[in-house]
Amino acid sequence: MKKIVFISALLFSNTAWAVPSKEDVINHYADIAEVIYEDSVITAKDLQKTIEKLINQPTEKNLQHARDAWKAARVPYQQSEVYRFGNAIVDDWEGKVNAWPLDEGLIDYVDAGYGEESDDNDFYTANIIANKKIDISGKTLDASKINAELINELHELDGVEANVASGYHAIEFLLWGQDLNGTEAGAGNRPATDYDVKNCTNGNCDRRADYLNAVTDLLIEDLGWMQKQWKKKGEARTALLNNADAGIAAIFTGMGSLSYGELAGERMKLGVMLHDPEEEHDCFSDNTHNSHYYDALGVKNIYTGNYVRANGKAVSGPNLSQLIEAKNPASDKMLRQHLDVTLQKMQVLVDSAEKQGVAYDQMLAAENKEGNAKIMAAVDALLKQTQAIEEAMKSLEIKSVSFEGSDSLDNPDSIE
């Protein structure tokens with residue numbers, strides 16, 4: 001009996017009986033991507049159902065249900081962001097579903113304090129919901145019918161990245177409206193009557209509903225397309241398997257780039273340096289704390305080969321941790337520890353927002369020294385985590401990898 005217990009213990013150890021091949025690790029990495037995007041489709045369809053109910057019955061209760069569904073839909077998607085770096089097919093596509101920040105005046109009405117024009121964007125206040133046509137470089141765009149085709153044409157209109165017409169954040173704006181509270185308490189406060197054609201507030205309730213319906217349908221379509229790229233013969237999976245060493249390097253690129261330049265730099269330290277609530281990721285809903293947490297969890301997921309699906313089912317398999325442990329157990333242990341510390345620091349941000357009532361944008365305020373310190377503690381954890389990722393890469397003799405950078409980390413004196 002003791003012998004059987006001993007064998008079972010080995011089976012559940014990190015390395016088990018044999019170290020997995022690089023191809024096995026890559027395939028499981030792709031398996032996780034496939035189910036994450038599948039979960040993203042499932043939760044986006046759940047969101048779609050709540051939006052349909054909101055439009056049919058525009059009550060505050062139904063608006064809250066749609067907002068809750070939007071937040072739930074963010075959970076699996078944010079865990080996919082680690083795939084963006086190192087996989088060109090994901091990076092090229094990502095802007096359609098998660099681009100930010102956006103000039104929301106392109107889509108709908110905005111507060112007078114938003115201003116009427118921008119030197120960088122001719123369509124800063126185009127308000128496509130209120131206007132059935134707009135002029136673009138001397139040509140007239142027919143916007144009389146709001147559908148996916150129109151939204152795709154509007155997205156990054158005139159080559160301006162801030163003209164975000166599709167994706168999660170366009171939907172977020174349409175559910176919450178602008179957050180006009182700065183670094184004070186409170187998120188966006190759009191009324192449900194913005195969708196009530198019989199008791200319409202702020203005009204164009206029918207077109208606003210058309211936009212919300214169309215942009216949600218488009219999100220589901222885009223997510224479904226990406227899910228297919230990770231299937232057994234999908235382009236994203238096969239590209240990694242063409243060269244196993246390059247495939248492993250791509251996985252590390254995603255981990256390091258999201259940890260360092262994107263999350264620690266562009267999404268977190270920059271906001272603290274500028275004390276600007278516009279620099280928070282989910283700026284209309286005040287959901288940024290969760291988005292950052294699940295980004296960090298996504299990094300841990302692909303290192304350990306574990307992912308918990310939206311339905312609670314656990315997915316596990318061959319992973320980078322096993323490869324590193326076989327080469328350098330100390331390096332593997334160190335990286336695992338840093339991944340856990342990062343999540344602990346991210347949990348502090350979640351607790352601040354959800355238990356203490358101090359949201360992420362409030363933590364960014366110049367006078368909120370405690371909030372600034374909490375964010376910077378998470379940034380510091382991400383930087384140490386990145387160093388541990390670099391050490392782990394050395395164990396596999398991976399040298400030709402560079403991580404995404406950020407001026408806030410690499411050239412802070414340039415930030416104004």
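**View 1. Helix 9 and helix 14 pack side by side in the predicted model.** The axes of helix 9 (residues 244–274) and helix 14 (residues 369–395) come within 9 Å of each other and cross at roughly 160°, where helices are DSSP runs of H or I with at least four residues, strands are runs of E with at least two, and both are numbered from the N terminus. Axes here are lines fitted to C-alpha atoms, for helices over the stretch in contact, and angles run from 0 to 180 degrees between N-to-C directions. That angle makes helix 9 roughly antiparallel to helix 14, since angles over 145 degrees count as roughly antiparallel, those under 35 as roughly parallel, 65 to 115 as roughly perpendicular and the rest as oblique. The contact, meaning heavy atoms within 4.5 Å, is made by residues including F252, M255, G256, S259 and L263 of helix 9 and I375, V379, L382 and I389 of helix 14. Its residues divide into 16 nonpolar, 5 polar and 1 charged, with Ala, Val, Leu, Ile, Met, Phe, Trp, Tyr, Cys and Pro counted as nonpolar, Asp, Glu, Lys and Arg as charged, and the others, Gly among them, as polar. This is a predicted model, in which local features need pLDDT of at least 70 and side-chain atom pairs count only at pLDDT 80 or more, while totals for chains, interfaces and linings use all residues. Residues are numbered from 1 along each chain as its sequence is written, and side-chain values use heavy atoms, with hydrogens and water left out.

**View 2. Helix 9 also meets helix 10.** The axes of helix 9 and helix 10 come within 10 Å and cross at roughly 165°, which makes helix 9 roughly antiparallel to helix 10. Among the residues that make this contact are I251, M255, L258 and R267 of helix 9, together with H292, D295, V299 and Y303 of helix 10. By class, the contact has 9 nonpolar, 2 polar and 2 charged residues.

**View 3. L263 sits in helix 9****.** At 1% relative accessibility, L263 counts as buried, a term for residues under 20% relative accessible area, whereas exposed means over 50% and partly exposed lies in between (1.4 Å probe, protein chains only). Leaving aside residues up to four places away in sequence, L263 touches L258, M268, H292, D295, A296, M346 and L382. The C-alpha atoms of L263 and V379 are separated by 8.0 Å, although these residues are 116 apart along the chain.

**View 4. Helix 12 packs against several other helices.** Helix 12 (residues 329–354) has 26 residues and reaches 37 Å from its first C-alpha to its last, close to the 38 Å expected at 1.5 Å a residue, the expected span being 1.5 Å times one less than the number of residues. Its buried residues, including L335, L339, L343 and M346, pack against helix 9, helix 10 (288–304), helix 11 (320–327), helix 13 (360–363) and helix 14.

**View 5. Backbone details in two loops.** A cis peptide bond, with omega about -15°, joins W100 and P101, and P101 lies in the loop between helix 4 (88–98) and strand 1 (133–136). In the loop between helix 6 (168–176) and helix 7 (205–229) is N202, whose phi is positive, near 65°, and which is partly exposed, with a relative accessible area of 44%. N204 is placed in the loop between helix 6 and helix 7, with a positive phi near 60° and a relative accessible area of 30%, which is partly exposed.
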